[in-house]
Amino acid sequence: MCLGIPGRVVDCPDGADLGRVEVAGVVRDINVSLLDGPFVPGEYVLIHSGFAIVFFGAEL
Amino acid sequence: MNGSALFLRYAYAPNLLGYCGPADTSALLEFGAPGRAGTGFRALAKQFEGAWPQLRTIAAATGTADPLDGEVVEAYWIGNRLLDRAGDAEGGLPHHSFQVFCLYPWANLLLDERRTEHALQVLDQCRIRWGRVITVGADQVVVESRPLVWNGARLTLGVPGRETVNRGFDGVSLIGPLHPGDWVSMHWNWVCDRLTTAQLVALRHYSAHHLALVNQRLGGRAGMSGPRIQ
């Protein structure tokens, strides 16, 4: 079905489970609770099935 | 059945959730509805970067020219005889359950206690599961099915439980009327299709095959034991 896709953090309040992440030009709510934050806008995460599962940092 | 329309029934839910495929779900509906499928839908289907290569693999292995052939699409989402000619050396078949259980990261995340609950939820919702319709509403149905459970060492199917799933909204419905007692397939929070007996048997069979494979990889044992619904 789906592959993991990279997304760029747009807004993610510290401690929140959901963050706004840009994926292929579309900003979506992504569950970031599986990773340790905080997440800074501009950083990248790998997303699968609505969850961020890998943290990449500021550069891919 | 038309392969494009069948693909749409199974791919619609994760696309609507934004997990895969093109950003514009309405385009899928426009091109994938029965009688409308054409070259436009093919371009959209290729954007399902996990499913499309599997369809191509099945088509190539079986000498089928079109990856959106109805039998090829059925083989990937539900399972059928085509899969038995398309496996790899390690036992994996180009079936959706192979991707969910064996290729995606979620099975390994079961072993991380902080992530177990989410991982199990994703595995259960992302696989194509089957269940029996209990009651039918306008846009939702109540279905009895066996959820995935994790005992710390292996994945199995648990005792039957009831869940409410969507079958349409705002006049959009991809399948015909349902009745109590029908067997249906589900993907995320949507009913995909009414299953024939042969399709139900195939979906159970190929799901069990890959459940056994992932349990083997996780160090457990095969996991289709437990009570049946019927």
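How are α6(B) and α9(B) oriented to each other? They are roughly parallel, a label for angles under 35 degrees, with over 145 counted as roughly antiparallel, 65 to 115 as roughly perpendicular and the rest as oblique. Before the close-ups, note that this is a predicted model, where local features need pLDDT of at least 70, side-chain atom pairs count only at pLDDT 80 or more, and totals for chains, interfaces and linings use all residues. Residues are numbered from 1 along each chain as its sequence is written, chains are lettered from A and ligands numbered from 1 in the order written, and side-chain values use heavy atoms, leaving out hydrogens and water.

**View 1. Helices α6 and α9 of chain B cross at roughly 15°.** Their axes, α6 covering residues 96–103 and α9 residues 197–218, come within 9 Å. (Axes are lines fitted to C-alpha atoms, for helices over the stretch in contact, with angles from 0 to 180 degrees between N-to-C directions; helices are DSSP runs of H or I, at least four residues, and strands are E runs of at least two, numbered from the N terminus.) On the α6(B) side, look for S97(B), F98(B), F101(B) and C102(B) in the contact, meaning heavy atoms within 4.5 Å. Across from them, α9(B) brings in residues including Y206(B), H210(B) and R217(B).

**View 2. Helices α4 and α5 of chain B cross at roughly 120°.** Here the axes of α4 (residues 51–62) and α5 (residues 70–77) come within 9 Å, and the angle makes α4(B) oblique to α5(B).

**View 3. The largest cavity holds about 40 Å³ of space.** A cavity is a set of points on a 1 Å grid over the protein atoms alone where a 1.4 Å probe fits but cannot get out, and lining residues have an atom within 4 Å of a point. (Points are joined across faces, edges and corners, and the volume is the space filled by probe spheres set on them.) Its lining includes R9(B), Y12(B), R167(B) and W190(B). Both α1 (3–16) and β7 (190–194) of chain B supply at least two lining residues each.

**View 4. The largest pocket holds about 280 Å³ of space.** A pocket is an open set with protein on both sides within 12 Å along at least five of seven lines. Of its 18 lining residues, I5(A), V23(A), A24(A), C20(B) and G21(B) lie nearest the centre.
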